[in-house]
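Hello,

Here is the structure I said I would pass on. Please open it first, then read my notes below.

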Amino acid sequence: MKRLLSLLCLPPLLAACALSEIPQEPGPAGAPATPSVSGPLVVPPLSALPDTPPRSLAGRYQRAAWAELPGWSSDDLSQLWPLFLRNCKGLMRPTTGNLAAPARATPRAWQPVCAAAADPAQAPSDAAGVRRFLQAHLQPWRVNGADNRPATNTVTGYYEPLVRGSRRQGGPYQWPLYAVPDDLLTIDLGAVYPELAGKRVRGKLVGKRVVPYDTRAAIDSSSKRPPVIAWVDDPVDNFFLQVQGSGRVLLADGPDAGTTIRVAYADHNGQPYASIGRWLIAQGELRADQASMQNIRAWAQRNPGRVQEMLNANPAVVFFREEAVVDPELGPKGAYGIPLAPQRSIAVDAGFVPLGAPVYLSTTWPASERPLQRLVFAQDTGTAIKGAARADFYWGFGEEAGAQAGRMKQRGQMWLLWPKQAGEPSAR
């Protein structure tokens with residue numbers, strides 16, 4: 001179900017366009033299983049990668065030389081090789097032909113490259129070796145728009161926040177992070193109408209009719225709430241964790257005190273997103289230049305009796321699943337099923353950049369003109385990430401990552417890096 005980004009692009013607003021304001025949405029049930037990130041890369045023979053019908057891509061691609069990639073020779077690739085191998089683990093999953101899942105880079109096109117990468121004799125030992133391997137096996141293709149002109153688009157940022165919470169409601173812990181309700185229906189319209197492939201609606205069954213699922217206000221006032229994973233101590237932290245679509249919760253009491261868990265996006269109630277910052281401005285509670293996370297939090301502290309009213313202005317609710325934080329350096333899994341790598345993973349429009357594709361991104365650092373040019377991996381999607389060369393840059397975990405993400409609303413261009421022998425980029 002298409003939902004547009006709420007256009008509250010005010011410079012001081014932490015989670016305006018920079019944080020996408022709508023969570024990243026992973027592929028639906030039926031997508032290929034998440035590959036293990038541990039253990040060596042195992043590349044199946046081509047015979048074990050049956051092909052599925054090609055997926056159409058909306059973009060146009062123009063062959064380019066490596067020398068045309070701005071800053072390519074300056075990108076520090078010394079830590080890239082493990083990420084390239086991990087990305088290959090995702091590339092080597094057979095496709096299912098599920099049109100409701102985001103388009104993925106064609107596995108058979110990548111099999112020779114990933115097989116070469118898995119060969120210990122070809123493993124590079126330094127950054128220069130990584131660069132030689134990439135240039136020997138891959139071909140850059142500039143991403144153009146539907147008009148076949150070089151695409152320039154917005155590059156925003158997102159991150160994984162940390163909040164304080166408890167398994168039990170009480171004291172300051174009053175703001176729930178919900179798991180998926182038992183009565184939520186997610187309907188794949190493409191299964192009935194092929195022309196609506198990739199479109200889904202959420203609802204619930206009332207008698208014999210499917211109706212829209214409950215709003216935030218209806219959920220919070222109901223006697224039958226969804227199961228709660230944790231209760232958070234700050235309503236604004238709770239809200240912006242839902243905006244990000246995933247985060248970590250430091251449990252502050254009970255038998256799990258001191259443990260950090262991850263809450264990962266599982267689903268949402270299908271209601272349209274509305275900005276609480278815009279609501280506060282419309283109410284005359286804040287000026288446009290005051291609509292930062294800090295000022296929204298301060299308003300909530302001054303007006304505890306109106307906090308639920310503020311939250312109810314946004315009818316959308318994100319539902320989570322709990323995951324263990326196995327490796328603190330790894331981010332949450334994106335739509336591609338691979339844990340995101342700080343400053344090396346992006347969310348894309350899979351209609352222009354199929355998931356799993358390495359991408360060379362040329363943009364600038366947040367709120368500056370300083371070049372930010374590096375190889376990244378297309379490993380996530382987002383309902384607000386639409387169009388050729390549109391990207392959401394994953395900054396990582398914690399406050400500093402959040403500060404960078406909150407300031408990021410730059411312009412950028414991108415090039416797909418595609419196997420030389422495979423011709424133009426393709427998807428399945």
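A residue is called buried when its relative accessible area is under 20%, exposed when over 50%, and partly exposed in between (1.4 Å probe, protein chains only). Helices (H or I, at least four residues) and strands (E, at least two) are DSSP runs, numbered from the N terminus. Two notes on the source. This is a predicted model, where local features need pLDDT of at least 70 and side-chain atom pairs count only at pLDDT 80 or more, while totals for chains, interfaces and linings use all residues. Residues are numbered from 1 along each chain as its sequence is written, and side-chain values use heavy atoms, with hydrogens and water left out.

Start with helix α1. Its buried residues are W81, L83, F84, R86, N87, C88, K89, G90 and L91. That is nine of the eleven residues of α1, so the helix is largely enclosed by the rest of the structure. What do these buried residues pack against? They pack against α2, α3 (127-137), β2 (138-144), β14 (358-364) and β15 (371-380).

Next, the pair α1 and α2. Their axes (lines fitted to C-alpha atoms, for helices over the stretch in contact) come within 10 Å and cross at roughly 140 degrees. Angles run from 0 to 180 degrees between N-to-C directions. Contact means heavy atoms within 4.5 Å. On the α1 side, W81, F84, L85, C88 and L91 make the contact. On the α2 side, P107, W110, V113, C114 and A117 do.

Now the disulfide (a pair of cysteine sulfur atoms within 2.5 Å). By this rule the count is one. C88 and C114 form the link, with their sulfur atoms 2.1 Å apart. C88 lies in α1 (residues 81-91) and C114 in α2 (residues 107-118), so the pair ties together parts that are 26 residues apart in sequence. The link is left-handed, with -90 degrees about the S-S bond. Are the two cysteines buried or exposed? C88 is buried at 1% relative accessible area. C114 is buried too, at 0%.

Last, a proline. P315 sits in the loop between α8 (307-312) and β12 (318-324). P315 counts as buried, at 18% relative accessibility. Leaving out residues up to four places away in sequence, P315 touches T215, R216, N269, Q271, P272 and A274.

Best wishes
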